[in-house]
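Good morning, colleagues. I would like to take a few minutes to present one structure to the group. Please have the sequence and the model open as I speak.

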Amino acid sequence: MTDTPTRQQRLSLDRVRARVRARVGRLPSWSVLAAGTLVGGLVGGAYGLLTPPTYTATSYVIAVPTAKAGSGPDSALGFAQAYGRVATQLAVLGDAQVWAGVPVRTLQRSVRTATSPDAPMVAVSATSARPGLAVDMANAVSRALTRHADHTSGNTQVRLVQFSRAVKPTEPTSASPAVTSLVGASAGGLLCGLALLARPRKTGQDDDPVPAASVPGPAAAADVR
């Protein structure tokens, strides 16, 4: 004996699928949008609850010309831009890992820098699930960058000075479950709306079929004559 379905069973399954598709197709559009919005909100809320919060700490260093430098603030501004790019390189992070107590890969993944086009300042930000570790990483990279600039100040005539140390953050910078729920609900509703727009539409002939014209039989034709 084999488990291959018979022709009658296949026809029955096809009828069931056709009925299910027909019932789904008769659902109003607002119900599909509501279901997509609800599912997206639940998924987004679960993501926000299961993902641990992250904290960001930022320290600042400023570039200043040395006493022997004859250049103006434009030179310090240019070197601040350059040091902002160097801060996340291995030459700096290799020294920072000793003070931060984390591997270089963790610093490369967690530390970001930003510079200003108007001020010769470098912002060093570190992100971590532990607020204290974020502070240690930001201050360690700033310290390593400052020492790196001091070693080359004889040639660049610019040195870096600690402007503000990182402080322990009190609130997470990651999105809250309420925000992730809102984003998920918006995405779910948008995807369902696009799916409704992309689905094939029935033509007017399919919705309101026009009856075929009837041809009179021979008896009716004889009566007319």
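This is a predicted model: local features need pLDDT of at least 70, side-chain atom pairs count only at pLDDT 80 or more; totals for chains, interfaces and linings use all residues.

The chain contains ten helices and four strands. Along the sequence, these elements follow the pattern α-α-β-α-α-α-β-β-α-α-β-α-α-α. The chain has 225 residues, of which 28% count as buried. If we take the contacts between residues at least 6 apart in sequence, 77% of them join residues at least 24 apart.

In what order do its strands lie? The order is 2-3-1-4, in an open sheet of four strands with antiparallel pairing. Strand 2 and strand 4, the latter spanning 158–164, stand at the edges with a single partner strand each, so one side of each has no neighbour in the sheet. On average, neighbouring strands of this sheet are turned by 30° against each other, with direction ignored.

Towards strand 1, which covers residues 55–65, strand 3 pairs in the antiparallel sense over eight bridges. Within that pairing, tyrosine 60 stands opposite alanine 123, and isoleucine 62 has methionine 121 as its bridge partner. Strand 3 also pairs in the antiparallel sense with strand 2, residues 111–115, over five bridges. Here threonine 113 has valine 124 as its bridge partner. Strand 2 and strand 3 form a hairpin, with five residues between them. Is strand 3 mostly covered or mostly uncovered? It is mostly covered, with six of its eight residues buried.

Finally, I come to helix 4 and helix 6. Which residues of helix 4 meet helix 6? They are Val92, Leu93, Asp95, Ala96, Trp99 and Ala100. On the side of helix 6, the residues they meet include Leu133, Met137, Ala140, Arg143, Leu145 and His148. By class, this contact has eleven nonpolar, one polar and four charged residues.

That concludes my presentation, and I thank you for your attention.

Conventions
Residues are numbered from 1 along each chain as its sequence is written. Side-chain values use heavy atoms; hydrogens and water are left out. Contact means heavy atoms within 4.5 Å. Helices (H or I, at least four residues) and strands (E, at least two) are DSSP runs, numbered from the N terminus. Ala, Val, Leu, Ile, Met, Phe, Trp, Tyr, Cys and Pro count as nonpolar, Asp, Glu, Lys and Arg as charged, and the others, Gly among them, as polar. Buried means under 20% relative accessible area, exposed over 50%, partly exposed in between (1.4 Å probe, protein chains only). Two strands pair if DSSP finds at least two bridges between them. Axes are lines fitted to C-alpha atoms, for helices over the stretch in contact, and angles run from 0 to 180 degrees between N-to-C directions.
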